[in-house]
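Please read it alongside the sequence and the structure shown here.

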Amino acid sequence: MGWQLPSLNPLKAFEAAGRHGSLTRAAKELHVTQGAVSRQVRLLETELGVRLFERRHRLIVLTPEGEQYLADISAAFATIDQATARLQSRRRRAVLKIQAYTTFAMRWLIPRLPEFNEAHPEIEVQLSASTRDVNFDRDDLDAAIRSGNGQWPGLHVLHLCQCVLIPVTSPSLATGPPKLHTPADLARTTLLHSLARPHDWATWLAGTDCGDVDPERGLRFESSSLAYEAAMQGLGVAIGQPELVRSDLRSGRLVAPIDREVELPEGYYFVWPGGRPESPKIQVFRDWLEQTAHPAAPEG
């Protein structure tokens, strides 16, 4: 047997009018005219076959039947309101705003995010890219990824990975001619630079004691991601970071023809403000990042 329910709009109009004791205030709450509320109440009375209000000069007064009906349906409306609030609270996702460098976001963080989203659907990660230093007093951010030595007063930090440099290029360019085997061989090819990390080639060449290659010559790109793409297309040799090109090295899109890594005294860190209460969403994301960046060794 189906429910014996009157039309919803007249029911809402009656409930608001009865609760306020006024058609005017009910109309204001429902964002309709007073006449519209009056018509809806009359429709309900006609549908029920019961007078719910006594109409007096500019006043409405509940009849005994109307008073009882209002009490009964108010409880039902309250139940519906509470059920709706519970449902929406379960569906409402906490938003976590994070800033990261473009290349790190594209090549390290984003490939891992599907795992986080699957494990924590209650948290929505909003990721923005920028190379400027984060300022939590100025920027509408919860956390950020930044590189450096990890010593930033007023910030909590979680080390993700160390910065390591190694030349990378396309397989066809690596096999030549000319072939690339030693740092000195780079003098005969084009160096690809990232404007976001302008000193990486000079640092790597100094770290390999190679003074025969001009670290400033070559082509320049706005980001390391663009330099890596140029390397894949055979335009030259980029200075890469294994953590950021690992999938390309595994797939063979890039190769590291000169097996000389130079580790820098800096790394990538997840940072968040130290002067604020640590929110549950940051705790969850931080714990997930720590497990992702530093997975526990398998037992046995």
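1. In this model, which is predicted, α1 and α3 are roughly perpendicular to each other, because angles of 65 to 115 degrees are classed in that way. The two helices pack at an angle of about 110 degrees, and their axes are 8 Å apart. The crossing by which α1 passes α3 is left-handed.

2. On the α1 side, the contact with α3 is made by N9, P10, L11, A13, F14 and A17. On the α3 side, the residues are V37, Q40, V41, L43 and L44. Sorted by class, this contact of α1 with α3 comprises nine nonpolar and two polar residues, and no charged residues.

3. Helix α1 spans residues 8–20 and helix α2 spans residues 23–30. Their axes come within 8 Å and cross at roughly 125 degrees, which means that α1 is oblique to α2. The crossing of this pair, α1 and α2, is right-handed.

4. Which residues of α1 meet α2? They are K12, A13, A16, A17, R19 and H20, and their partners in α2 are L23, R25, A26, E29 and L30. By class, the contact of α1 with α2 holds six nonpolar residues, one polar residue and four charged residues.

5. The remaining pair to be described is α2 with helix α3, the latter covering residues 34–48. The axes of α2 and α3 come within 8 Å and cross at roughly 105 degrees, so α2 is roughly perpendicular to α3. In α2, the residues L23, T24, A26, A27 and L30 meet Q34, V37 and S38 in α3. This contact of α2 with α3 has five nonpolar and three polar residues, with no charged residues.

6. Eight residues of domain 2 are in contact with eleven residues of domain 3.

7. Between them, domain 2 and domain 3 bury about 730 Å², of which 51% is on carbon and sulfur atoms. Within domain 2, the residues that lose the most area to domain 3 are T103, R107 and W108, together accounting for 68% of what that side buries.

Methods
Residues numbered from 1 in each chain as written. Predicted model: local features only at pLDDT ≥ 70, side-chain atom pairs only at ≥ 80, totals over all residues. Heavy atoms only, no water. Axes fitted to C-alpha atoms, helices over the stretch in contact; angles between N-to-C directions. Helix = DSSP H or I, 4+ residues; strand = E, 2+ residues; numbered from the N terminus. Parallel < 35°, antiparallel > 145°, perpendicular 65-115°, else oblique. Left-handed = near helix turned anticlockwise from the far one by under 90°. Contact = heavy atoms within 4.5 Å. Nonpolar A, V, L, I, M, F, W, Y, C, P; charged D, E, K, R; others polar. Buried area = accessible area lost by both parts, 1.4 Å probe.
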